[in-house]
Amino acid sequence: MNIQKVLALNAILLTAVGGHPVAHNDGKAKGHKLLLISFDGFRWDYDQDVETPNLDNLAKEGVKAKYITPPFVTMTSPSHFTTITGRWIEDHGVIHNMMFNTDTLRKYSYKETQNKTEWWDNGVLPLWITAQNQGKKAASFHYPGGGGNFSGQPVSRSLVEAFGHPDSNETEWRENIDIVMNWFTKEDFDFVTLYYGEPDNTGHKFGPETKERKEIVRQIDRTVGYLLEVIEKHHLKDILNVIITSDHGMTTVKKSPEVEEILLANYIKFADLKFDIIDYGGFGMILPKPEKEEEVYQALKNAHPHLKVFRKEEFPEHFHYAKHGRVLPILLYGDLGYSVNGGVTVCTCACAKSSENGIAHNVGLVSYLGSAKLELELLGTDQHAYICIIPVEQ
Ligand SMILES: [Zn+2]
């Protein structure tokens with residue numbers, strides 16, 4: 001994003017907190033603290049059809065963006081890492097939820113990647129490390145990437161989500177907030193990122209347009225209410241800024257016979273591929289065997305009216321995605337609502353009707369800033385990256 005937009009935005013934010021002058025932080029003085037909370041897959045309009053009094057209060061006290069546009073590709077790890085680095089995906093290199101190696105042909109799941117520094121540390125420093133380099137204390141609670149080392153430096157406090165971690169346990173959500181409050185008050189942490197796997201999990205399981213999704217949004221709102229209570233209780237209101245954000249939205253997958261689903265096996269032979277990442281929502285990548293690249297590309301190019309196919313070099317630049325070396329030679333994404341399937345349709349059961357989708361316009365986020373005075377200097381020279389979370393275009 002351009003600097004002018006950042007500066008204009010700063011002005012809006014300052015007005016919104018009552019014109020409170022932001023003291024210039026020379027990097028020595030102890031500034032305000034920041035808590036960044038991400039609710040995974042909280043689509044921009046999820047608070048429009050559910051009563052959310054606590055989120056509404058927070059927005060009233062602070063600032064709320066109508067939506068923000070996350071980076072392409074709209075997956076949890078890449079998008080969260082854009083939020084925490086302020087960089088496009090092709091610059092920070094976390095290009096997928098799965099880590100993969102095209103030599104060994106191994107794939108590592110989202111959870112498996114969380115402690116793998118080699119997947120996250122690609123020369124771009126996340127804000128935890130920038131803050132630590134300025135003498136501040138930073139921590140990550142389940143936030144994607146928080147388990148890595150960056151230029152040899154770990155996040156000084158990091159809890160990584162365990163396999164089988166329950167996403168929707170409201171009691172545990174509150175306990176996690178209590179833990180974070182103690183980090184701020186008893187251990188004087190300055191910057192904490194806190195991640196929740198909902199409403200993404202419920203959206204995938206039941207679909208975004210369901211009563212189950214609405215109920216989990218109510219649970220999120222109650223949790224925000226609890227957060228505001230304990231902020232008061234811990235006397236943090238005047239020194240803690242809170243940002244609540246998300247990484248992507250979600251849409252209902254279109255199914256046969258309503259539409260003709262995308263099935264790559266109808267067009268290509270998988271024996272012609274060395275490696276692929278497909279059957280993962282609306283986006284896929286393919287590495288054909290060297291002598292088969294052109295043939296595979298031509299076979300897919302106009303295969304399905306709702307399938308977009310690109311050579312890596314031709315991928316639209318405005319997505320800021322394909323320049324990274326990890327990106328495979330052929331990229332595919334489906335139009336809104338279309339999954340890119342390989343041999344069989346993956347979402348076959350009635351409940352599995354939602355999918356993250358690779359298209360930028362598919363997604364929107366909800367973002368709030370409130371609860372305390374805004375201090376842009378908290379993270380010093382990297383403040384632009386931090387502010388990038390707020391505006392409508394990331
Ligand atoms: Zn996500």
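Colleague: What makes the crossing of α8 and α10, right-handed or left-handed?

Modeller: This is a predicted model, and in it α8 passes α10 in a right-handed crossing.

Colleague: Why is α8 called roughly parallel to α10?

Modeller: The axes of α8 (residues 170–186) and α10 (residues 211–233) cross at roughly 30° and come within 10 Å. Angles under 35 degrees count as roughly parallel, so α8 gets that label against α10.

Colleague: Which residues meet there?

Modeller: From α8 you have E170, W173, R174, I177, D178 and M181, and they meet Q219, T223, Y226, L227 and V230 of α10. Sorted by type, the residues of this contact are 6 nonpolar, 2 polar and 3 charged.

Colleague: What makes β13 and β15 edge strands?

Modeller: The open sheet has 4 strands in the order β13-β14-β16-β15, with antiparallel pairing. β13 (273–277) and β15 (307–311) each have a single partner strand, so one side of each lacks a neighbour in the sheet.

Colleague: How do you know that β15 pairs with β16?

Modeller: Pairing takes at least two bridges, and 5 bridges join β15 to β16 (residues 330–334). One of the bridge partners in β16 is L332, facing V309. Helix α11 (residues 293–301) packs on this sheet, touching β14 (283–288), β15 and β16.

Colleague: Where does pLDDT stay under 50, with 187 contacts beyond four places in sequence?

Modeller: Over residues 347–394. Residues 1–29 are below 50 as well, with 35 contacts beyond near neighbours in sequence. The protein chain averages 81, and 79% of the residues score at least 70.

Conventions
Residues numbered from 1 in each chain as written. Predicted model: local features only at pLDDT ≥ 70, side-chain atom pairs only at ≥ 80, totals over all residues. pLDDT = per-residue confidence, 0-100. Contact = placed C-beta atoms within 7 Å. Axes fitted to C-alpha atoms, helices over the stretch in contact; angles between N-to-C directions. Helix = DSSP H or I, 4+ residues; strand = E, 2+ residues; numbered from the N terminus. Parallel < 35°, antiparallel > 145°, perpendicular 65-115°, else oblique. Left-handed = near helix turned anticlockwise from the far one by under 90°. Nonpolar A, V, L, I, M, F, W, Y, C, P; charged D, E, K, R; others polar.
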